[in-house]
Amino acid sequence: MTTQIKAKLLQHFAAKKKGNGGFTLIELLVVIIIIGILSAIALPSFLNQANKAKQSEAKTYVGSANRAQQAYYLENGSFVESADDFGDLGLGIETQTANYKYDIATQGDGVLTQAQPWDSEANEANAQASIKAYVGGVKIGTSGTGEATTLAVLCEAVEAPVVEGGATGADELAAMDSEIEGAPTCPDTYKNLGA
């Protein structure tokens with residue numbers, strides 16, 4: 001009797017296996033739709049991460065230029081005032097990369113470092129870029145104790161140039177007024193990221 005039960009059990013499993021030969025068309029369509037929805041959600045997030053990586057270059061370079069300007073001022077009593085003298089800051093970076101062009105401009109008793117979205121292939125400002133511009137400012141000011149010091153700020157454009165009215169980094173930055181005497185602040189089209 002044990003052999004008969006084993007035989008019937010094997011026949012039952014064999015018959016059951018033949019009935020599950022594959023997936024139905026509906027099951028395949030549901031899986032494809034789910035994959036499509038997940039892709040639609042993940043793709044914009046992935047593309048945004050690529051832009052953030054490009055922007056981190058400019059944020060790092062402008063922040064480094066701010067600190068280098070402060071050190072240069074302490075050693076020499078003046079700022080590096082031209083992109084032609086960018087090498088004097090000792091950063092070892094180019095004034096033009098694949099994504100940004102860096103420029104230095106003087107303003108009053110301070111200096112601004114700009115990172116403008118740049119199209120290296122067309123050799124022109126990339127007004128259609130979906131990456132943001134950055135500006136760093138270093139000025140001579142007074143600390144809370146009244147001592148003269150250098151004060152810095154790092155500003156990020158609120159909108160990328162691809163949006164109408166987005167900041168490009170080449171904007172006029174006369175709006176970098178002082179809240180504290182000599183301390184730079186960000187203009188309206190930029191947000192403050194700190195020093």
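Colleague: Are Tyr100 and Tyr102 buried or exposed?
Modeller: Both Tyr100 and Tyr102 are buried. Keep in mind that this is a predicted model.

Colleague: Noted. How many aromatic pairs does the structure hold?
Modeller: It holds 3 aromatic pairs. One of them is Tyr61 with Tyr102, a tilted pair. Their rings sit 5.4 Å apart, centre to centre, with 50° between the planes.

Colleague: Where do Tyr61 and Tyr102 lie in the chain?
Modeller: Tyr61 is in helix H2, and Tyr102 is in strand E1, which spans residues 100-107. They are 41 residues apart, so this pair links distant parts of the chain.

Colleague: And how accessible is Tyr61?
Modeller: Tyr61 is partly exposed, at 25% relative accessible area. Tyr102 counts as buried because its relative accessibility is 2%, and the cut-off for buried is under 20%.

Colleague: What about Tyr100 and Tyr102 as a pair?
Modeller: Tyr100 and Tyr102 also form a tilted aromatic pair. The distance is 6.2 Å centre to centre, and the planes make an angle of 35°. Tyr61, Tyr100 and Tyr102 belong to one aromatic cluster.

Colleague: Let me step back. What is the overall secondary structure?
Modeller: There are 2 helices and 6 strands. Reading from the N terminus, the order is α-α-β-β-β-β-β-β.

Colleague: How much of the protein is buried?
Modeller: Buried residues account for 33% of the 195 residues.

Colleague: Which way do E4 and E5 run, parallel or antiparallel?
Modeller: Antiparallel. Strand E4, residues 134-142, is joined to E5 by 9 bridges. Within that pairing, Lys139 stands opposite Leu151 in E5.

Colleague: How many bridges pair E5 with E6?
Modeller: There are 4 bridges, again in the antiparallel sense. Strand E6 runs over residues 190-194. Cys155 stands opposite Asn192 in E6.

Colleague: Pick out another E5 residue. Is Val153 buried or exposed?
Modeller: Val153 is in strand E5, and it is buried, with a relative accessible area of 2%. The C-alpha atoms of Val153 and Gly136 are 5.6 Å apart. Along the chain, those two residues are separated by 17 residues.

Colleague: Back to Cys155. Which cysteine does it join in a disulfide?
Modeller: Cys155 is joined to Cys186, with 2.0 Å from S to S. A search of the whole structure finds 1 disulfide.

Colleague: What is a disulfide, by the way?
Modeller: A covalent bond between the sulfur atoms of two cysteines.

Colleague: Is this one left-handed or right-handed?
Modeller: The link of Cys155 and Cys186 is left-handed, with -90° about the S-S bond.

Colleague: New topic, charges. How many salt bridges does the structure hold?
Modeller: It holds 1 salt bridge. The side chains of Lys191 and Glu156 meet there, 3.2 Å from N to O. Lys191 is in strand E6 and Glu156 in strand E5, 35 residues apart, and the pair links distant parts of the chain.

Colleague: How accessible are Lys191 and Glu156?
Modeller: Lys191 is partly exposed, at 41% relative accessibility. Glu156 is buried, at 6%.

Colleague: Last one. Which residues form the nonpolar patch on the surface?
Modeller: Leu25, Ile26, Leu29, Val30, Ile33, Ile34, Ile37, Leu38 and Ile41. Together they have about 920 Å² of accessible area.

Colleague: Where is Val30 found?
Modeller: Val30 is found in helix H2, which covers residues 25-76. Val30 is partly exposed, at a relative accessible area of 43%.

Methods:
Residues numbered from 1 in each chain as written. Predicted model: local features only at pLDDT ≥ 70, side-chain atom pairs only at ≥ 80, totals over all residues. Heavy atoms only, no water. Patch = residues over 30% accessible without salt bridge, like charges linked within 9 Å, V, L, I, M, F, W, Y side chains within 5 Å. Areas by Shrake-Rupley, 256 points an atom, 1.4 Å probe, with all protein chains shown as cover. Salt bridge = Lys/Arg side-chain N within 4 Å of Asp/Glu carboxyl O. Buried < 20%, exposed > 50% of the residue type's maximum accessible area, 1.4 Å probe, protein only. Pairing = 2+ DSSP bridges. Phe/Tyr/Trp six-rings, centres within 6.5 Å; stacked < 30°, edge-to-face > 60°. Disulfide = S-S within 2.5 Å.
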